[in-house]
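Please read them alongside the coordinates.

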Amino acid sequence: MNYRVSAFLLAFALTVPAALLARADTPALPSMATADQATTSKLVYGLLSDSRYAYRPRPLDAATSQDVFKRYLESLDGGKQFFTREDVERFAPLAAGTGNAIRTGELDPAFQVFAVYRQRVTERVAYARALLKQEPDFTLEERFEYDRKDVPWDNATALDELWRKSVKNDWLRLKLAGKPAADIRKTLDKRYERLLKGINEWKNEDVFSIFLNAYTSAVDPHTDYFTPRTAENFNQAMSLSLEGIGAQLQRQDDVVVIREIIAGGPAAVDGTLKPGDRIVGVGQGKSGTLEDVIGWRIDDVVAKIRGAKDTQVRLEYIPAAEGLDGKHRMVTLTRQKVRLAEQAAKGETLTIPGAPGEGERRIGIVKLPTFYQDFEGRRRNATDYASATRDVAKLLAGFKADKLDGVVLDLRNNGGGSLDEAIELTGLFIEQGPVVQVRESGGRVTVNSDRNPAVAWDGPLAVLINRGSASASEIFAGAIQDYGRGLVIGETSFGKGTVQNVVPLDRWPASEKERFGQVKLTIAQFFRVSGSSTQHKGVVPDLAFPASVDASEFGESTYDNALPWTRIAAVTHTQYGNFAPILPRLESRHAARIQSEREFQWWEEDVQQFRTEAAKKYVSLNEAERRAERDRQDTQRKQRQQIRKELGLPLDPLAEDSSDDGLTGNERDIVKDAEREKAAEKRPDPLLRESAAILADAVNLLEKDRPLSAQVLPQSTAPGRWAD
């Protein structure tokens with residue numbers, strides 16, 4: 001396993017404080033909420049305490065006040081490595097007044113706590129940098145316990161020891177990667193300095209957003225507050241589009257760097273800008289003032305570069321090849337609507353060899369990362385609005401034209417999205433019928449159905465899920481399973497059975513511009529057509545792969561305030577098939593096949609190793625022990641690559657990478673890191689291939705065994721007729 005857990009030092013920062021004791025060399029930070037933020041706080045309280053809006057409203061009583069304050073502290077300092085026990089004890093009067101602060105918009109407690117937080121970060125960073133003067137002793141039998149989730153707040157002396165071990169772990173990672181001591185000092189000193197600088201850059205709205213989200217998360221795990229800027233980002237993510245130049249940006253030190261040029265966007269069409277180029281100035285239009293953006297936060301730079309379609313933006317940049325001291329160049333680009341194709345549905349075809357006496361099968365693969373939809377485009381009845389269902393339908397049409405034998409819909413790590421898309425996507429595989437039941441806060445149950453009798457794919461189908469498949473993914477997979485329309489393969493899903501809606505807060509003050517942001521709040525609970533909820537329990541696959549992550553570590557059941565599981569009455573729906581009679585034979589074929597499937601075996605080994613390491617919740621700080629483990633990983637990786645060559649298997653494009661370079665994301669070469677990310681997408685995927693093989697098995701069994709086919713798929717005229 002990779003010892004990447006020591007990114008611990010950079011994993012906390014979600015917000016920042018205002019100076020409790022102002023210093024001349026410390027940037028001034030806001031110390032109180034604005035009038036608009038006070039109004040926003042009252043509006044959010046009104047929404048979340050009213051059962052007309054919230055599915056499970058929570059009163060802002062004394063217990064809730066304490067809970068919100070606890071969540072606020074954990075949002076600032078989730079690793080409990082900055083605040084001392086004494087700090088938290090002194091916060092007690094502020095905790096008691098949290099509810100009143102939210103109701104009235106008098107948010108001073110949030111900023112007072114934030115001030116102490118920044119002071120503690122300043123102290124801790126100074127301590128960490130001082131430790132770099134002396135190289136640690138790596139012959140000692142010490143270990144760094146990085147899992148801080150359930151530890152109590154501690155005193156300053158204990159935190160000194162925690163940071164000493166954290167710095168030692170960071171140093172050891174770089175040493176194992178072959179860095180000399182001088183370079184390690186330079187890298188880590190810059191890393192810790194960057195941490196503090198990032199904290200000092202936080203603004204008033206950041207503090208406010210973190211505090212208000214501590215309140216929303218106390219109501220339920222999936223209720224969130226969005227500032228106007230984060231609301232815009234959320235809408236862009238859902239619509240898979242934005243208006244800008246079409247470049248993915250990343251900050252490195254004080255400069256914003258181009259990580260990737262998005263195909264089809266203005267930057268790609270123009271061809272001037274390249275990955276690695278550094279943007280140092282931004283001007284609006286052909287003659288607007290050019291603003292120096294060195295040292296700016298990346299979101300502020302992005303806000304300057306984005307803009308309305310057909311408007312122009314001028315960029316001052318330094319080409320990657322010329323270094324930081326290179327000649328500054330200028331380019332003018334006309335902004336356009338850019339489609340974010342990386343998150344769109346994608347298709348491919350796998351050829352699965354048959355067992356003796358069986359022919360090969362061609363299986364179509366649809367990879368769907370999210371249930372996206374351009375809500376605004378749909379409201380305007382635009383002909384080209386982004387839609388997961390539309391994109392999948394096009395892929396299915398191609399598979400049908402190519403006469404493929406089956407389709408696997410890959411929903412691994414698909415965290416959900418649009419409820420409408422989940423319903424419409426299900427409709428591509430079934431005739432008219434109910435897809436999901438939705439129960440509102442008052443108890444009223446609405447059945448949401450597919451009303452389109454057309455079927456885009458009536459052939460063999462499998463759905464691949466894992467623990468990261470949630471919400472809309474669970475609606476779709478659950479419906480396919482309840483209808484007996486296809487096989488569900490993989491791991492038990494996340495277990496999120498609630499419905500959220502985005503409510504713009506500007507509707508009440510009738511604001512002419514966006515001032516107050518939006519709330520994504522839970523408004524209902526969904527149930528499968530069988531009446532069962534996916535809440536907590538998720539969708540259980542028909543054929544299970546080994547669990548890659550423990551349910552106690554990830555999933556709805558890990559939230560302390562998630563809704564409980566329940567069920568309601570089932571609704572009448574078609575039963576296209578019943579796969580129970582065929583599952584034992586599929587399991588037997590699967591078990592026999594993976595005995596000779598090296599990639600699948602390696603995946604199982606890696607999962608077991610990961611779970612073993614994760615259960616320890618610590619890493620050794622002994623160099624000999626860590627080096628031996630690193631050598632084992634390197635040897636294993638090389639041996640596997642050699643076996644691939646000998647067996648003629650697809651090679652792993654990352655096989656030559658070191659197991660851990662000791663660096664954080666913004667310390668690596670941005671262009672090479674982006675290339676590595678792309679290469680990772682081409683790594684062997686044994687789970688996807690095995691899912692396709694299982695579907696091919698089902699097709700072969702049902703085709704050869706007519707009595708079995710009649711038992712499994714009794715409705716010969718229904719979608720999903722797998723044998724002729």
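**Notes on the model**

1. Arg467 has 7% relative accessibility and therefore counts as buried (under 20% relative accessible area; exposed is over 50% and partly exposed lies in between, with a 1.4 Å probe and protein chains only). Arg467 sits in the loop between β16 and α16. Helices (H or I, at least four residues) and strands (E, at least two) are DSSP runs, numbered from the N terminus.

2. The model is predicted: local features need pLDDT of at least 70, side-chain atom pairs count only at pLDDT 80 or more, and totals for chains, interfaces and linings use all residues. Residues are numbered from 1 along each chain as its sequence is written, and side-chain values use heavy atoms, with hydrogens and water left out.

3. Which residues does Arg467 touch, not counting residues up to four places away in sequence? The list runs Glu491, Thr492, Ser493, Phe494, Val549, Ala551, Phe554, Gly555, Glu556 and Ser557, where contact means heavy atoms within 4.5 Å.

4. Six strands form an open sheet in the order β11-β12-β13-β16-β17-β20, and the pairing is mixed; two strands pair if DSSP finds at least two bridges between them. At the edges are β11 (346-352) and β20 (543-544), each of which pairs on one side only. Strand β17 (residues 487-490) runs parallel to β20 and is joined to β20 by two bridges. Across that pairing, Gly490 is opposite Ala544.

5. Helix α16 (residues 472-483) packs on this sheet and touches β13 (406-410), β16 (461-465) and β17. The direction of α16 makes about 140° with that of β16. Axes are lines fitted to C-alpha atoms, for helices over the stretch in contact, and angles run from 0 to 180 degrees between N-to-C directions.

6. Strand β19 (residues 518-527) is largely enclosed by the rest of the structure, because nine of its ten residues are buried. What pairs with β19 over seven bridges? Strand β18 (residues 498-504) does, in the antiparallel sense, and Asn501 stands opposite Leu521. Strand β14 (residues 433-440) is antiparallel to β19 with four bridges; here Arg439 has Gln525 as bridge partner. Strand β2 (residues 224-226) is joined to β19 by three bridges, again antiparallel, and Tyr225 is partnered by Val519.

7. The axes of helix α14 (residues 388-401) and helix α15 (residues 419-427) come within 8 Å and cross at roughly 25°. α14 is therefore roughly parallel to α15 (angles under 35 degrees; over 145 is roughly antiparallel, 65 to 115 roughly perpendicular and the rest oblique). On the α14 side the contact involves Ala388, Thr389 and Val392, and on the α15 side Glu421, Glu424 and Leu425. By class these are three nonpolar, one polar and two charged residues. Ala, Val, Leu, Ile, Met, Phe, Trp, Tyr, Cys and Pro count as nonpolar, Asp, Glu, Lys and Arg as charged, and the others, Gly among them, as polar.

8. Helix α18 (residues 598-616) and helix α21 (residues 686-704) have axes that come within 9 Å and cross at roughly 125°, which makes α18 oblique to α21. Glu599, Phe600 and Trp603 in α18 meet Pro686, Leu687 and Glu690 in α21. That contact of α18 with α21 has four nonpolar, no polar and two charged residues.
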